[in-house]
There are 2 protein chains.
Amino acid sequence: MKNRIHNFNAGPAALPLPVLEEIQAELLDFKGSGMSIMEVSHRSKWFDDVINETVERINRLMGLGDDFQVLFLQGGASTQFALVPMNLLPEGQSADYVNTGTWSTKAIKEAQAMGKTVNVAASSEDRNFCYIPKDIPLDPNAAYVHITSNNTIKGTAYTDFPDAGNVPLIADMSSDIMSRPMDASKFGLIYAGAQKNLGPAGVCVVIIRKDMLERVPESLPSMFKYTTFAGKNSMYNTPPCFAIYTVGLVVKWIEETIGGLEKMEARNRKKADTLYSIFDSSDFYSGTADKDSRSMMNVTFRLPSEDLEKAFVAQALENGLGGLKGHRSVGGCRASIYNPTSQEGVEALVDFMKEFEKKNG
Amino acid sequence: MKNRIHNFNAGPAALPLPVLEEIQAELLDFKGSGMSIMEVSHRSKWFDDVINETVERINRLMGLGDDFQVLFLQGGASTQFALVPMNLLPEGQSADYVNTGTWSTKAIKEAQAMGKTVNVAASSEDRNFCYIPKDIPLDPNAAYVHITSNNTIKGTAYTDFPDAGNVPLIADMSSDIMSRPMDASKFGLIYAGAQKNLGPAGVCVVIIRKDMLERVPESLPSMFKYTTFAGKNSMYNTPPCFAIYTVGLVVKWIEETIGGLEKMEARNRKKADTLYSIFDSSDFYSGTADKDSRSMMNVTFRLPSEDLEKAFVAQALENGLGGLKGHRSVGGCRASIYNPTSQEGVEALVDFMKEFEKKNG
C-alpha cells in the first residue's frame, strides 16, 4: 500500500497490514452490532466472543494445556515487575533473577524495592549485556527463576532457556513471544506487553500455570492479584477491549495467514539471517551482540561514528525505512524485526545499508 | 449513518461518530508518518504531539491551573481504588469516604483491605443508594474525602459537592467527567476511566493537584506511584497510546464541535430532561433515584414487571436502541446518556417508550 513505510520500531511497532485493514473496515459497525468494537459492552456476546477466541488461539498456537490460563492485564511489563514478586514470592523465600539488560535490571530493582529477597544468579553486565550467561548456578529452593527471554535494547536472546528443574521459570517475553514455538511446560508464568509481537500498547498478556495461583496472598488489592483476573476471565473490571480485540486479530493472522509458530519462526529466522549476514561481510556495520546470543527480533549495530549513525537513521527514513535509531540509553542503530515485519522490508533495509556503506564506507 | 444504532451502553459506551470516522480515515497512515497511530513510537514527535495536545485540551476545558497535572494510567478506576490510599493516605491518618453505591463500596473495601483507616462519613445504603447524602459530617483532620460523583448503577449524582474545607476532595468521576463545568480547585485528585464520557476502555485519566505528590511514599513500586507518571508525562513505560489518542479526539470534539463544557452541559441537561419527563407523566415507568439526586448521565428505571423489562430491552434493540438493560447486580432498565449520545437518540428512545407503554400499559 502506498504511503506505508517499512517500520522497524522497537515497540509500539509494526502491525500486519491485513489486521489494520480489518480494524478499519469494521470500525463503525462491528459484526452487525451497529457499534464500534470500542462501543460494545465488555459484558456483551460480541466482546465475549472476541476475548474467548483470542484466548483459544493463544492456547492453540502455544500448545498450552488445561493447566495454563491466559490473562489480559494492563500496565505493561513494568507492572509485572512488581506483580510477579507481590503474587508469587512468599515471605521467607528467595527468587533467582538472571540479569541480561535494562529490563531485567528493572525487574530486579522493583522486587528488591518492596523488600523481597532476590538472588541475582547470573549477569552479563560485565560486558555491557552483550551476551546471555550460560551454566547459571540456580538455587533449587528458589520460589522461581526470572529471565528476560529477549533483550530489546541490547539485541540478545536465549537460544535455550535455563534448566531450573522443578523451580518454575518466569519470563518477560515482551519482545519475542510467539516469534517461535516454545515449550511452555517449563514456565510458571510468562508475561508480554503486546506492543511488539502481538498488538498495540495497552494490554499485557499473562500466561500463568494454574498451580501458581495458590501462592497469591489474599491481602493484595484486587487489581494486583492474578487470582482476580483468573477468576473472572480478565473481566473483573472493564478490560482494554480494543487492545484485546487487536491482539485477537494478530494471533488470527499468525494462525491463519502465517500458519502457526513453526512457520512464524522460519519467516523470522530468514529475516534475521538476511540482516545479520551483512555484519559478517562488512567492517562498516558491527553487531553489538555476541554471535551466539543474537536476538532474532532486535538487531543492534553500530556504524564507524555517531555522525554516520545519525546520517544513516535520517537517510533511511527518507527512503521509507523507519525506526532505526537505537534505544536512547545506548545509542547506535537498531532494526526491530518482530512478527509483523516482512522479508521484503528487511531486504529493502539491507539494500539501503549496502548503498549507504558504498557512499560513506 | 446507516447500520449504527442509538447506543445507551453504560460503558464501554457510545463514541462521537466524527471521532470514529477520523480514526478510521487515518488508521493506516497517521499524519503522513506512513504508520498507524498504533505503530508509531511513544517517544516520537507524532505521539508527543498527541499526548501534549490532549493534556492541553483537558486543561483548557476543565480550567485547570498550573497547580494541576493530567496523567494517563492503566487499570481503570478499580486500580485507583487501591492507588489513592496507597499514595495519599499516610500511616496514622484516616480518610473520609462517602458511600453512594457499588463503586464507592468497592473503593472503601480496597482501602480497608490494605489496612488503611477509613471513616465512612455518610452512606445512602439505608435506601438502596437511591439518593446522595446531604450535610455530611466530615473530619477536618482527614487526609482526604473520597466521593463518587456519579453513580452509574444506581443513577444518582451530586448536584453540589461536599464542602470539605481545607481537606482535599478526591472523586471517582468515571461516569460524569466533563459532562458539565466544575470547579476543580476543590479537588486534590480526580480520576475517571475513559470508557464513558471520554473515550475507549484502557486508559484512566487522573488529574492531580501537584502538592498531593508530596505524600507519595518512596517505597511503592514504580508503576503504583503517581510521582512516576507525573515525572515522565505519563511515559515512564509505554502508555496505552491508542486509547490516549482517542481521548484526544473526544476532547477535541467537546472543545471544537460542541463548544466547551457549558454547551456540553446544556446538551446533556436537555437529553436528561427529555428522558426524565416521561417518569413524571407515566405510572408505567418509574425512576429509581430520588428526584433531587438524579444523574444526568445514567437514567435508571423500572417497568411494572421483570417480564415487561425483558420485553422492553429486546424490542428496543429491534428498534435500533441498544444497551438498555440495567446493571446485572440490580436489574431493571438503564439508559446511559453520556456526552457522545445525541438528543435525537434520546427522542427516539422516548418515542419508543411511549409506544411500548401504549401496547403494554
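Predicted model: local features only at pLDDT ≥ 70, side-chain atom pairs only at ≥ 80, totals over all residues.

User: Noted. Which residues does a cis peptide bond join in chain A?

Analyst: Gly11(A) and Pro12(A) are joined by one, with omega at about -10°. Pro12(A) belongs to the loop between β1 (6–7) and α1 (17–25) of chain A.

User: And in chain B, what's omega for the cis bond of Gly11(B) and Pro12(B)?

Analyst: Omega is about -10° for that cis bond. Pro12(B) lies in the loop between β1 (6–7) and α1 (17–25) of chain B.

User: Switching to packing. At what angle do α8 and α9 of chain B pack?

Analyst: About 135°, and their axes are 11 Å apart. Helix α8 covers residues 306–318 and helix α9 covers residues 343–360. That angle makes α8(B) oblique to α9(B).

User: Is the crossing left-handed or right-handed?

Analyst: Right-handed, as α8(B) passes α9(B).

User: Which residues make the contact?

Analyst: From α8(B) you have Leu308(B), Ala311(B), Phe312(B), Gln315(B) and Ala316(B). On the α9(B) side they are Leu349(B), Phe352(B), Met353(B), Phe356(B) and Asn360(B). Sorted by type, the contact of α8(B) with α9(B) has eight nonpolar residues, two polar and no charged.

User: Now the two chains. What rotation superposes chain A on chain B?

Analyst: A rotation of 180°, with 0.0 Å of shift along its axis and an RMSD of 0.0 Å. The two copies are therefore related as by a two-fold rotation axis. Both copies use the same surface, and 100% of the contact residues of chain A recur in chain B.

User: How many residues of each chain are in contact with the other?

Analyst: 60 residues of chain A are in contact with 60 residues of chain B.

User: And how much area do they bury between them?

Analyst: About 4,800 Å², with 59% of it on carbon and sulfur atoms.

User: Which residues of chain A lose the most area to chain B?

Analyst: Leu28(A), Met38(A) and Glu39(A). Together they make up 15% of what that side buries.

User: Great, thanks. That's what I was after.

How values were computed
Residues numbered from 1 in each chain as written. Chains lettered and ligands numbered in written order. Heavy atoms only, no water. Axes fitted to C-alpha atoms, helices over the stretch in contact; angles between N-to-C directions. Helix = DSSP H or I, 4+ residues; strand = E, 2+ residues; numbered from the N terminus. Parallel < 35°, antiparallel > 145°, perpendicular 65-115°, else oblique. Left-handed = near helix turned anticlockwise from the far one by under 90°. Contact = heavy atoms within 4.5 Å. Nonpolar A, V, L, I, M, F, W, Y, C, P; charged D, E, K, R; others polar. Least-squares fit on C-alpha atoms with pLDDT ≥ 70 in both. Buried area = accessible area lost by both parts, 1.4 Å probe.
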